[in-house]
Amino acid sequence: MKKKLLASLLCMVMASSLLIGCGGSSDSEKEGSSATEEASGTQESTDASSKNSTGEAVDASEVTVPEEKGDWVVGFSNYSAGNSWRQQMEAEFKEEAEALKKAGVISDYTMLNADNDQSKQISDIRDLITMGCDAIVVTVITADGLNDVLEEAEEEGIKVVNCDNLSSSTKLTSKVMVSDYDFGKLCGEWLGEQLPDGGKVIELNGTAGTSTDTNRAAGMEDGLAEASPDSEIIASVNADWDYATAKTAVEELLNTYPEIDGVLSQGGAMTQAAMEAFEAAGRKLVPMTGEASNGFLRSWVEAKDKGFSSIAFVCPTTQSAIALDVAVNALNGEEVQPEYLASEDPVTEENVDSVYRKDLSDNFWPAGTRLSEEKAQEMFAE
């Protein structure tokens, strides 16, 4: 029954993903660094961000790697590299840019990091314009705050491709996105199938007011309600995708509620924290959802002999490299789509052992990456 449900859910996600997209996502690491674009807590939720696609998003697997030689200069504006997901995403861009430069497809590239400062990111983009960049790949710190400068770049004839955290502007060349709502719904439906009748659930969300938190929470709650209408979310807390914050929150919830049958979690580090809090309290592990950080996958693999089960959605760090390919294709005069969906199958009980990288640190993101083995070892070797 569960295998049939998972198969149907995967079909649902792949089908609906062509219609729905939303901002980039990730969770924090055990060291306490916060999530991806939501780390700053400044990403504003907009009406469009509930399912974020303005039209039909094309599968990002259709994006081809550029081969035509050119003299293009490309810029990358990252609003933050403050955690391992964002560092890996940035490394994906750099590795792709180096390959394109070596092949003579681009002549040069520049990478700037705004350190969670919107004013600096606006200034960074103006600098990229002044430098004469032909294209700019950008992950924005807020949905609306960079629209003017990004549209100014487009007016200057610069191709702007937005990935990971999305701008609300409809005037950009293209966007590369994921669907947090769909991922959340997949997890909510999975958890609902694991629960007893009338199951009691606690919910661990990200940073309140951010689009990714809003989208993931909406999807999780909708999925849970559909799969298990008699279940009850007895507590919902915002733990900012942070291990330490989630650990404290779950400890308090365990002291408050004698019965907890499942954990609906948006992020891998928060799920790691919940697992450890349950075990420290002498409580049996219950089904929990998560996200595919190597650290969470390690905790999952190690707890399988205790009967622990989970599902982890994947937010691919390769979005930046895909966006670079889209930008160069646009410069080469090829037709590009307004939106591309970077979709990866979730990690399940059937494949968690093969996805988990025992030789790399908790900070690595093994699913949905193009990072070379050499670079992965350089950045994340134990």
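**Figure 1. Contacts of Asn329 in the predicted model.** Leaving aside neighbours within four places in sequence, Asn329 is in contact with Val63, Thr64, Pro66, Glu334 and Val336. Asn329 belongs to helix H10, which spans residues 319-331. A polar atom of the Asn329 side chain lies 3.0 Å from the backbone oxygen of Thr64. Val65 is 264 residues away from Asn329 along the chain, yet their C-alpha atoms are 8.1 Å apart. The relative accessibility of Asn329 is 4%, under the 20% limit, so Asn329 counts as buried.

Figure 2. Helix H9 covers residues 294-303, and eight of its 10 residues are buried, so the helix is largely enclosed by the rest of the structure. The buried residues are Asn294, Gly295, Phe296, Leu297, Arg298, Ser299, Trp300 and Ala303.

**Figure 3. Packing of helices H5 and H6.** Helix H5 (residues 180-194) packs against helix H6 (residues 211-227) at an angle of about 35°, and the two axes are 6 Å apart. The crossing of H5 with H6 is right-handed. On the H5 side the contact is made by Asp180, Tyr181, Gly184, Lys185, Gly188, Glu189, Leu191, Gly192 and Glu193. H6 contributes Thr212, Asn215, Arg216, Ala218, Gly219, Met220, Asp222, Gly223, Leu224, Glu226 and Ala227. Sorted by class, the residues in the contact of H5 with H6 are six nonpolar, seven polar and seven charged.

Figure 4. Asp115 lies in the loop that runs between strand S3 (106-113) and helix H3 (118-130). With a relative accessibility of 54%, over the 50% limit, Asp115 counts as exposed. Asn116 has a relative accessible area of 34% and is partly exposed.

**Figure 5. Residues 1-54 and the confidence of the model.** Over residues 1-54, pLDDT stays under 50. For this stretch the model has 183 contacts beyond four places in sequence. The chain has a mean pLDDT of 87, and 86% of its residues reach 70 or more.

Notes: Residues are numbered from 1 along each chain as its sequence is written. This is a predicted model: local features need pLDDT of at least 70, side-chain atom pairs count only at pLDDT 80 or more; totals for chains, interfaces and linings use all residues. Side-chain values use heavy atoms; hydrogens and water are left out. Buried means under 20% relative accessible area, exposed over 50%, partly exposed in between (1.4 Å probe, protein chains only). Helices (H or I, at least four residues) and strands (E, at least two) are DSSP runs, numbered from the N terminus. Contact means heavy atoms within 4.5 Å. A polar contact is a pair of N or O atoms within 3.5 Å; within protein, one must be able to donate a hydrogen and the other to accept it, and residues adjacent in sequence count only if both atoms are side-chain atoms. Axes are lines fitted to C-alpha atoms, for helices over the stretch in contact, and angles run from 0 to 180 degrees between N-to-C directions. A crossing is left-handed if the near helix is turned anticlockwise from the far one by less than a right angle, and right-handed if clockwise. Ala, Val, Leu, Ile, Met, Phe, Trp, Tyr, Cys and Pro count as nonpolar, Asp, Glu, Lys and Arg as charged, and the others, Gly among them, as polar. pLDDT is the predictor's confidence in each residue, from 0 to 100.
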